[in-house]
Amino acid sequence: MQEIKVQTVLNGAPFSIETGYFAGQANGAVIVRQGDTAVLVTAVMSEEPQADIDFLPLTVEYREKYYAYGKIPGGFVKREGKPSDREVLVARNIDRPIRPLFPKGFYNDVIITAYTLSADDQFDPDVLGIVGASAALHISDIPFDGPIAGVRVCRVNGEFIVNPTYNQKNQADLEIVVAGSKDAIVMVEGGAKEVPEEVILEAMLFGQEEIKRLIDLQEELRTKYSKPKIEVPVDEEAEILREKIKEYTYEKIKQAFSIEDKKQRNKTIANIFEETVTILEIPEEKKKKASFLYKDVVSGVMRDQILFEGKRIDGRKPEEIRPIWIKVGVFPRNHGSAIFTRGQTQAFVTTTLGTPSEGQIEESIEAGEIMKRFMLHYNFPPFSTGEARPPRATSRREIGHGNLAERALEPLIPSEEEFPYVIRVVSDILESNGSTSMATVCGGSLSLFDAGVPMKKHVAGIAMGLIKGEDRFVILSDILGDEDHLGDMDFKVAGTRDGVTSIQMDIKVKGLTKEILQQALKQAREGRNYILDLMYQAIPEPRKELSPYAPTVTKLRVLPEKISLIIGPAGKNIKKIIEETGVKIDIEPDGLVKIYALHKTAAEKAISMINELIMDIEVGEVYLGKVTRVEDYGAFVELMPGRLSLLHVSQITGERLKSAKDTVKVGDILKVKVTEIDDQGRVKVSLKDAPENIEPKNKFMFE
């Protein structure tokens, strides 16, 4: 076996792609390295194409191996399990830029697998997977119109950095992943802290310049090691049938597109196809292929109307946004809620406030366990599109859309010091006709305002589309589902009036020029500001008071050495407080105690119980105590957890006793008075002098 390696330097670290000595039975396999981080990527193709499909059956899997970081998985099962949300999101980032670059009519299964084999504490392996997928395909016999490459771009102190270190990422006000070819950008994913659109575009173009170097690297690798590409046969019979279908259906489809209601429009378009099958006498065995060709014709009609007539499916102008309807405070028991409706897309979004213990624990391979304080979950049930099928497990699409919306809102979430709650936003899509993730951003911002979360600004999102011809293009604002499926771009931009907080772009063409990106961002900003106006009309500022059903927070500071007294042996004391009051308690190592309660009286009772636990024992005060040991000369009585006192035999009764064992036994609860605390902190108590009419200061501990 021969090792073949090409290399350069990226962000001051060696960057290389190598092949030739591993995974020899894959169609293509490479290892991409930056620093000590290494990712293996393989590309495998099935021998035969799938029958009766009209899409590329591409699957991308990304897995981070714990051994890469020199770690053993946490939890009971000591092996890697199902993919984490991060692994799903990285797999999507690898999939999206390569998917448009396979030839039309290629229906063989293609499986891309990426494993993190080694990882340092400097460079994130995720973008190496994008480069690896392209390189593995480029040197293989799989037909692929690449190469492309992907890089991460951050801005730190006004300077752009490509493939930053983890430390540089943490200091950045902008972080995007950009994928592209030598000539154009094909995918963008990332977020920012209210950064202007001009800076976002500048970051994309900076990333593309760096991408060119990585494409040159792949071309160099292909000259040293490659396989001849397989030929994809042209189906001439299909081309003839497509023209026949187009001739008969073109004008009918144009008329159907004038129907405003999505379900009725789709039903009419489906009926036109059934009529066409009969008129053209298409045999049953060719009906499925004809249906695929018909979809192409439908797409062509939509595209022609937009490019040459400026007319969209629902009659809107390219920059026009669908009617918007907003309602906040929908149900009284939600801590915050909103319905955001834009055309036939509707999101019901709620905000729930919780205690720190209710945060999401996530295991990050490089950072270990982390507690996630803000989370957004997106659900897309089948009924939202009128489909009669049961709900399934959370899909990759739902994870991706939720992450996009979460990233849009997170820069505006107040700090824990300012607002000491865990925040969960849930978006349930009730109706879908495009742009549901952006409806989630809008509904999420509205529900956070309704919940009284002290957000400084509203955040809105809008999805932009593109129809591109040979010599012209049209940018579409607030795209419909059909414009997404049949168009060339889905470009989602979210942010405030002052800048972008989240961005995601997918395209179905080979790349976008600076002119297209510039116009799309400008049009997105105009649309976003229009939506923000309506959101501020609905709820101009966060509620001044939280929902009566949200937990209240009371803070109490104690000396750090008193924490063990609050917790008690095996958590006995804190469990008792929680059981009796119904509160939740969070204790910081520095002595800050946060008490979360649904009622003020419960918080007050909990504070009282904590104060009794941490109070100092004072001479002359009355306490309850538990007898822990008895000797002839007296009994040892525990007044507080770990605080013992001596009850001398002479202080038990007014009568003279030979032995304390004659009167008290282990386990007895006695009401005693503190008579002395000596220089060494030893406490002496009296049973005979304890007054009957005074309540013990630590009574709750023994109730």
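Here are a few notes on aromatic rings, charges over rings and cysteines in this predicted model.

1. Ground rules. Local features need pLDDT of at least 70 and side-chain atom pairs count only at pLDDT 80 or more, while totals for chains, interfaces and linings use all residues. Residues are numbered from 1 along each chain as its sequence is written, and side-chain values use heavy atoms, with hydrogens and water left out.

2. Ring pairs. You'll find 10 aromatic pairs here (Phe, Tyr or Trp rings, the last by its six-membered ring, with centres within 6.5 Å; planes under 30 degrees apart are stacked, over 60 edge-to-face, the rest tilted). F102 and F106 are one of them: the centres are 6.1 Å apart and the planes at 10°, so this pair is stacked. Both residues, F102 and F106, are buried (under 20% relative accessible area, with a 1.4 Å probe and protein chains only). Ring pairs also join F102 and F106 with F144 in a cluster.

3. A pair across the chain. Y421 and Y596 have ring centres 5.9 Å apart and planes at 75°, so they count as edge-to-face. Y421 and Y596 are both buried.

4. Charges over rings. K65 lies over the face of Y115, 4.3 Å from the ring centre, and the charged end of R397 sits over the ring of F380, 4.3 Å from its centre. The test is NZ of Lys or CZ of Arg within 6 Å of the ring centre and within 35 degrees of the ring normal.

5. Cysteines. Searching the whole structure turns up zero disulfides (a pair of cysteine sulfur atoms within 2.5 Å). C154 counts as buried because its relative accessibility is 0%, and C442 counts as buried at 0% too.

Terms used:
Buried < 20%, exposed > 50% of the residue type's maximum accessible area, 1.4 Å probe, protein only.
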